[in-house]
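Reader: Hi! I have a model open and I'm new to this. Can we go through it together?

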Amino acid sequence: MKSLTASYGRRAPGEPRAVGYLYVLPALVIYALFLLVPFGQSVWLSFLHWDGLTRATSAGFDNYSDIFTDPSLRAPFGHALVLLIFYSALPVCIGLLLAAAMSRIRVRGLTFFRTVLFLPQVLAMVVVGVAWQSILAPDGLLNDVLRAVGLDSLARPWLGDYDWALPAVGIVGTWVMTGLCLVLFLAGAQRIPKELYEAARLDGAGAFREFFAVTLPALRAEIAVALTLTIVAGLRNFDLIYVMTSGGPGEATSVPAYEVYHRAFELNQVGSAAAVGVALTVLIFTLTVTVSRLVEGRRS
Amino acid sequence: MSSKIERTFTYGILSIFAVISLTPVIGILSTAFGEKGSLNTGFSLPEGGLNWSNFSDAWSQGHFGTYLGNSILVAVVVVTVATVLSILAAYAFGVMRFPGSNVLFYVFVIGLTLPQEALVVPLYFDLRHYEITDTYWALILPQTAQSLAFGVFWMRTYFRNSARSVMEAARVDGANSFTTLWRILVPMGRPAITTMIVITFMWTWNEFLMALVMISEEGLRTVPLGLAFFQGQQTSDTSLLAAAAVLIALPVVVVYIALQRRFIEGMLTGAVKE
């Protein structure tokens, strides 16, 4: 790869060496001004107490230590981790089980199924929120179905219930992400040579052994991609929370992404909002790096 | 298991999940075509055939005509600028060698995982300072910057893999790097560029947080922002809300159905960093 790059690097006759910078420059200026600099400012703001109007005062690490000590800040991070079960763990597990069950045959009409299963991914989260809000409403589809099958006692205003609001929002995440995982794993499973399954069966492996010996290792790369995409999406779920619950009831569904907006633009605690944003970034990077380490570590 | 049972089982599972995927979509469609003012969120086909009046009401009464216009303007500018700048930068990262190129490239790649929430707060105060909040610029500039992360990453892969012999030939012919790019590599790379365009379009079209923070003037709202405010006002009129939601989702869904392979490819590889 390196030598290939080197030969690419040869310039056309008479071309200055610095021309590469010229090509990068316009993109870099926009990217720096509207992404890198604001991120840097976030880090700086996170060390200040500021209400957005009057003079800011230094806060030291206060805004960060608050995340661990202040219950109204600790809770959103706890909720985010709970939501990761719904956004990430459940879709990956469901996707894996189904892909494994389907890996032995060639699926016809895969394009159709793939298009339908992936559809939730292209809908605006605001639209997804509106659609699910009416399903989860007190007189919505879910409760209608529960009453129709005689489970009246289970019917409840899902998004208004202190215990059920967070799992209800989580289920929407599972709905959005499962199709993505399934599409990823199906594509991967269709590439596994059928001889591997035959060999496993000749060795007397049951469905269970076959899954761990053949399917799971073959889908390692796809699992890493699925985990990365779902974790990032699960932690950046501002739109859904804003539309469906606004963090409520009480603070039952507040998440860091929502807390940044809430603190900066509704409570005028700009420094604290910036600290939550930076902490969220650290969390996302830590988790995604861990995922890729785990996957690559096993490979070597 | 015999292969016939396996086959039935497989298609059964795929069908169940396809139905689960479609249920909320069908729900919102049936509400949108339903009787106006109806509280019925059921899934039966509305009586008296399809009712289009909700759409015209959402369009005029709900100002979604204006919001769609704003969304189209922002999306067209962001996609155009981000595409051109991404191609230029990715070309340099893909085929040229200059000091610092690797570091610079990774700086762009970081943008793929950097959450908006970590920059939206100072960005708001910066843009307010320069008095461009409540203008199209406040939507266009930040979203262009965010789109560049994916664009540069995606197009660099294309330039890395594009036929080396073609470029060598162009060089022997004395073409400079710019001519090689626009005359040969861009026309050749139409599939990769299409993927980048549809993904950037979708992200820009669906963007909510940036619009919520930057725009307070009603006439400048984009469609997702319009829907959120509409929902706040008219919780009782679910059919209008549903019609507005359909109007928002439609453009992306149409492009998605036409180019689903490009969409899926782009969205799934965005996470694979080398």
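Predicted model: local features only at pLDDT ≥ 70, side-chain atom pairs only at ≥ 80, totals over all residues.

Reader: Where is Ser246(A) found?

Author: In a loop of chain A. The loop runs between helix 12 (238-244) and helix 13 (256-265).

Reader: What about the phi of Ser246(A)?

Author: Its phi is positive, about 50°. Yet Ser246(A) is not a glycine.

Reader: Why point that out?

Author: Because most residues other than glycine have a negative phi.

Reader: Which residue of chain B has a positive phi although it is not a glycine?

Author: Asp134(B) is one, with a phi of about 65°. Asp134(B) sits in the loop between helix 5 (120-129) and helix 6 of chain B.

Reader: Is Asp134(B) buried, exposed or partly exposed?

Author: Partly exposed, because 16 other C-beta atoms lie within 10 Å of Asp134(B).

Reader: Let's zoom out. How many helices and strands are in chain B?

Author: Chain B has 13 helices and zero strands.

Reader: And how much of chain B is buried?

Author: Of its 274 residues, 49% are buried. The C-alpha atoms fill a box of roughly 70 × 70 × 30 Å along the principal axes.

Reader: What about contacts between residues at least 6 apart in the sequence of chain B?

Author: Of those contacts, 77% join residues at least 24 apart.

Reader: Now helix packing. At what angle do helix 4 and helix 6 of chain B pack?

Author: About 125°, with the axes 7 Å apart. That makes helix 4 of chain B oblique to helix 6 of chain B. Their crossing is left-handed.

Reader: Which residues make the contact?

Author: From helix 4 of chain B come Phe105(B), Phe108(B) and Val109(B). Helix 6 of chain B brings Leu148(B), Ala149(B), Val152(B), Phe153(B) and Arg156(B). Seven residues of this contact are nonpolar, none polar and one charged.

Reader: Switch to chain A. How do helix 4 and helix 11 of chain A pack?

Author: Helix 4 (residues 71-102) and helix 11 (residues 220-235) of chain A pack at about 150°, and their axes are 9 Å apart. Angles over 145 degrees count as roughly antiparallel. Helix 4 and helix 11 of chain A are therefore roughly antiparallel. The crossing of these two helices is right-handed.

Reader: Which residues touch there?

Author: Among them are Leu83(A), Leu84(A) and Tyr87(A) of helix 4 of chain A, and Ile223(A), Leu227(A) and Ile231(A) of helix 11 of chain A. The contact of these helices has 12 nonpolar, four polar and no charged residues.

Reader: And between the chains? How many residues does the contact take from each?

Author: Chain A gives 83 residues and chain B gives 81. On the side of chain A, helix 2 (residues 19-45) has the largest share, 16 residues. That side of chain A divides into 62 nonpolar, 14 polar and seven charged residues.

Reader: Last one. What confidence values does the predictor give?

Author: For the complex, an ipTM of 0.87 and a pTM of 0.88. For chain B, the mean pLDDT is 85, and 91% of its residues reach 70 or more.

Terms used: Residues numbered from 1 in each chain as written. Chains lettered and ligands numbered in written order. Helix = DSSP H or I, 4+ residues; strand = E, 2+ residues; numbered from the N terminus. Buried ≥ 20, exposed ≤ 12 C-beta atoms within 10 Å, placed from the backbone. Contact = placed C-beta atoms within 7 Å. Axes fitted to C-alpha atoms, helices over the stretch in contact; angles between N-to-C directions. Parallel < 35°, antiparallel > 145°, perpendicular 65-115°, else oblique. Left-handed = near helix turned anticlockwise from the far one by under 90°. Nonpolar A, V, L, I, M, F, W, Y, C, P; charged D, E, K, R; others polar. pLDDT = per-residue confidence, 0-100.
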